[in-house]
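Hi,

Here's the structure I promised to pass on.

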Amino acid sequence: MASLTVLASILLVCLLPLALPFPTFQDSIPNGKNVVNPCDKSPWPGVGHQASQGGGPRNPFGLDFAAAGNAWTTALCQKDSDGDGVSNGEELGDSSCQWNATNPVNLASPKGHPGICEPVGSAKCGNSWFACPS
């Protein structure tokens with residue numbers, strides 16, 4: 001019985017990071033700790049995931065971020081991951097694509113979520129993976 005408890009504890013410790021947002025990833029994108037849910041303006045610390053707290057499937061921005069080597073690049077900044085007509089950089093407050101983690105520049109406030117097509121529910125975003133609760 002004790003060995004089962006130890007095994008369960010080890011498993012829990014190993015899986016815990018998968019359920020939490022990675023602060024290093026938040027620090028790897030401009031305003032990574034300031035992105036909000038477009039429906040209710042609550043924090044969305046798991047910016048690259050479909051779940052607001054992180055873990056599980058990635059949203060379009062998360063897929064593009066992974067493809068960019070988990071780094072903020074000019075190409076990722078200029079890309080419109082969620083297809084809403086606004087670049088990732090504009091949505092994260094880095095419209096000039098000059099920000100980087102080692103030499104941060106002054107940023108504007110985030111204007112949207114780079115992984116969620118906005119405005120949510122609009123004709124432009126009709127087939128998005130995300131919908132606001134009714």
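**What I found**

Leu 92 touches Ile 29, Pro 30, Asn 31, Val 35, Phe 61, Trp 72, Ala 108, Pro 110 and Pro 114, leaving aside residues up to four places away in sequence; a contact here means heavy atoms within 4.5 Å. Keep in mind that this is a predicted model, where local features need pLDDT of at least 70 and side-chain atom pairs count only at pLDDT 80 or more, while totals for chains, interfaces and linings use all residues. Residues are numbered from 1 along each chain as its sequence is written, and side-chain values use heavy atoms, with hydrogens and water left out.

Leu 92 also turns up in the largest nonpolar core, which has 14 residues: together with Ile 29, Phe 61 and Trp 72, Leu 92 touches the most other members. Helices are DSSP runs of H or I with at least four residues, numbered from the N terminus.

Now look at α3. Its buried residues are Phe 61, Gly 62, Asp 64 and Phe 65. They line one face of the helix, because they fall within an arc of 165° seen down the axis of α3, going by the directions from the axis to the C-beta atoms. After α3 comes Gly 69, with a positive phi near 75°.

Overall, the chain has five helices and zero strands, and 36% of its 134 residues are buried.

Cheers

Key:
A nonpolar core is a set of buried Ala, Val, Leu, Ile, Met, Phe, Trp, Tyr and Cys residues joined through side-chain atoms within 4.5 Å. Buried means under 20% relative accessible area, exposed over 50%, partly exposed in between (1.4 Å probe, protein chains only). Helices (H or I, at least four residues) and strands (E, at least two) are DSSP runs, numbered from the N terminus.
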